Protein chains: 2
Amino acid sequence: MDTLEVALGARSYPIYIGPGLLSDAGLLARAVTAQQALIVTNSTVAPLYLERLQAGLRCPEQHVHVLPDGEQYKTLETFAEIIDTLIEARFHRDACLVALGGGVVGDIGGFAAACYQRGIRYVQIPTTLLAQVDSGVGGKTAVNHPQAKNMIGAFYQPDCVIADTDTLSTLPRREFAAGMAEVIKYGLILDAEFFAWLEAHLEDVLSLDTDALRVIIGKSCELKAAIVAEDEHERGRRALLNLGHTFGHALESIGNYERWLHGEAVSIGMVLAARTSAALGSLDSADVERISTLLTRAGLPTEATDVDAERVLEIMQLDKKTTAKGLSLVLLEGIGRGVIVAAPGAEVLRAALEIGRDG
Amino acid sequence: MDTLEVALGARSYPIYIGPGLLSDAGLLARAVTAQQALIVTNSTVAPLYLERLQAGLRCPEQHVHVLPDGEQYKTLETFAEIIDTLIEARFHRDACLVALGGGVVGDIGGFAAACYQRGIRYVQIPTTLLAQVDSGVGGKTAVNHPQAKNMIGAFYQPDCVIADTDTLSTLPRREFAAGMAEVIKYGLILDAEFFAWLEAHLEDVLSLDTDALRVIIGKSCELKAAIVAEDEHERGRRALLNLGHTFGHALESIGNYERWLHGEAVSIGMVLAARTSAALGSLDSADVERISTLLTRAGLPTEATDVDAERVLEIMQLDKKTTAKGLSLVLLEGIGRGVIVAAPGAEVLRAALEIGRDG
């Protein structure tokens, strides 16, 4: 088991990474010391891992709240149902909420933990690659608003994160690939060497080699944790992590959150950001090609040629990274070097969006 | 104008206290620097003070969200409506929410500011005595759950608090008295000298003498700020501020949040806590009398003889101050000396609840 510390002063916490952790009763007992625990999970993950988790937990009072599976349930209504469960079970302020599942379960579960009695303990057990490398680190919790993603939420840090690499064996290939979009993103914005490692070892990763999984999860968490420690509330450098996300969120919205998984939309968004960077002269076109090739090898889409560019631009204006200073965007000054810039004019963005169509 | 600092490291903020502050455009311009401001207020306060505030604000984009007046609207639904307003107005992450009103407006407005895009700026302009001496200090925000008060919320600090003592001139006498319950509470738990000052100067306070108002608001905020600075998230000493609240919340619930104002229920609760303290031998019965007399002089109820003691005890079990270690309670070891203790057995509490009935 690898242990990684997210350094946030009094709210620092460890991330445990490795195989077999869900069966490690000693670890679970140390992680969840509360008398009362509510496991929040979903209808897909529950049949696979709930029993294993319950067998390991030592809390005298255990309750379970099973959500339907899907981003469309990441709503204030679902959040309110979890609160109802906590109230009905008469949960105290020193109870613990355990989120067992992917990003949606972690985001809603974390937000419920943040708000119930103004904050109870919270342990995250991410079971998807995306959650293990992204949403599990950094304390962002939220639900969606009908008009925009993640509009209602809190920065709230867990007690610890337990990333059991074995859970990836039951993850559909498409979802694994979606997680890889975020893994590749860390290389792109922060670490050219890691990007090159991914180019060289992608087959090991895709065949779920345990050592390769430990590398990508460990490295991703380490890179993200360093940024979060620097800028917990996303006032500055943390926005780097949004590479591809401004485009991506617009695409997800246009696709009604059904057409693309989050990571797939981010993959297309990263290619659009790379093309925009190339158009502005800060990235070689050969690097755009390298990026697009690695994403394709990982099983990810890189084009959305049938989408209306004007609609994308319009939605980007509402994107939450918009500030009073105008839309900002993450671009690349080479592989491994992300930069936050004021968004270029609409014509540059439009051109990036339309390249696929013309080419 | 008096200025008082709430010392919370990077999240420290000033409280401004004095007459005429709502007409002080210079102060308002310094307090609200955002481009976009949403004023959240209610249907009672808006006709009195909204225009004055809007005239002083310099934000290019100003929106207003008017809530119906009343604790029964302190719900997740009302919260969601404020979020809708923020989304429809396309508010950015660096926008500011200004809460103009009493405790309910501050609690919901603060919670909306805490959650919108995971936290935007927030300025509190409390217009009731209760809000000026209590809910305006300490960063507790929340909405109620149908089954219990303040169950869904966040610790979230404002940019500043502006307490204009002139607004108390339009406050109904009954609400002013309810605020006095909290003022008296600070003396009881922390400052015997302040309690004695209140005994000596209550008539000045009740006639809204400006200097007397500055003393009670300043002293209350100072005492509360010191405790909050020590224990922001109520892990320990901050619970002292709950003197009378565990009993009080139960009474409010039984009265369906209609029979008593919060401060009135707290007043009765403080007498019950004093009686419990006397029953356990830590407080003289003469002091119980002094407490009850001052509360009565302030226009507050001190008895709830028709309420079923068993129902009170039952609701206290669910109270959010309950921990895995069992119910804790704030009692008195003399005037000016509050202590947090494990709740005594039901028979002691029952006796305290039933004294009024027998006597």
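Colleague: Is B:Gln317 buried, exposed or partly exposed, and why?
Modeller: Keep in mind that this is a predicted model. B:Gln317 counts as partly exposed because it has 13 C-beta neighbours inside 10 Å. A residue needs 20 or more to be buried, and 12 or fewer to be exposed.

Colleague: Which helix does B:Gln317 lie in?
Modeller: You'll find B:Gln317 in helix 12 of chain B, which covers residues 309–318.

Colleague: Okay, other helices. At what angle do helix 7 and helix 8 of chain B cross?
Modeller: Roughly 145 degrees, with the axes coming within 10 Å. Helix 7 of chain B is residues 192–206 and helix 8 of chain B is residues 210–230. The crossing is left-handed.

Colleague: And which residues meet there?
Modeller: From helix 7 of chain B come B:Phe194, B:His201, B:Asp204 and B:Val205. On the helix 8 side of chain B there are B:Ala212, B:Leu213, B:Ile216 and B:Lys219. Sorted by class, that contact has five nonpolar residues, one polar and two charged.

Colleague: Switching to chain A: what order do the seven strands of the open sheet take?
Modeller: The order is 1-2-9-6-5-3-4, with mixed pairing. Strand 1 (2–6) and strand 4 (61–67) of chain A are the edges, so to speak: each pairs on one side only. From one strand to the next, the twist averages 15 degrees.

Colleague: How many bridges join strand 1 to strand 2 of chain A?
Modeller: Five, and the two strands run antiparallel. One residue to look at is A:Glu5, whose bridge partner in strand 2 of chain A is A:Pro14.

Colleague: Which strands does helix 2 of chain A lie across?
Modeller: Strands 3, 4, 5 and 6 of chain A, and helix 2 runs at about 165 degrees to strand 3. Helix 3 of chain A lies across strand 3 and strand 4, at about 160 degrees to strand 4.

Colleague: Last topic, the two chains. How many residues are in contact?
Modeller: 31 residues of chain B are in contact with 32 of chain A. Strand 8 of chain B gives the largest share of chain B's side, six residues. By class, that side of chain B has 15 nonpolar, 10 polar and six charged residues.

Key: Residues numbered from 1 in each chain as written. Chains lettered and ligands numbered in written order. Predicted model: local features only at pLDDT ≥ 70, side-chain atom pairs only at ≥ 80, totals over all residues. Contact = placed C-beta atoms within 7 Å. Helix = DSSP H or I, 4+ residues; strand = E, 2+ residues; numbered from the N terminus. Nonpolar A, V, L, I, M, F, W, Y, C, P; charged D, E, K, R; others polar. Axes fitted to C-alpha atoms, helices over the stretch in contact; angles between N-to-C directions. Left-handed = near helix turned anticlockwise from the far one by under 90°. Pairing = 2+ DSSP bridges.
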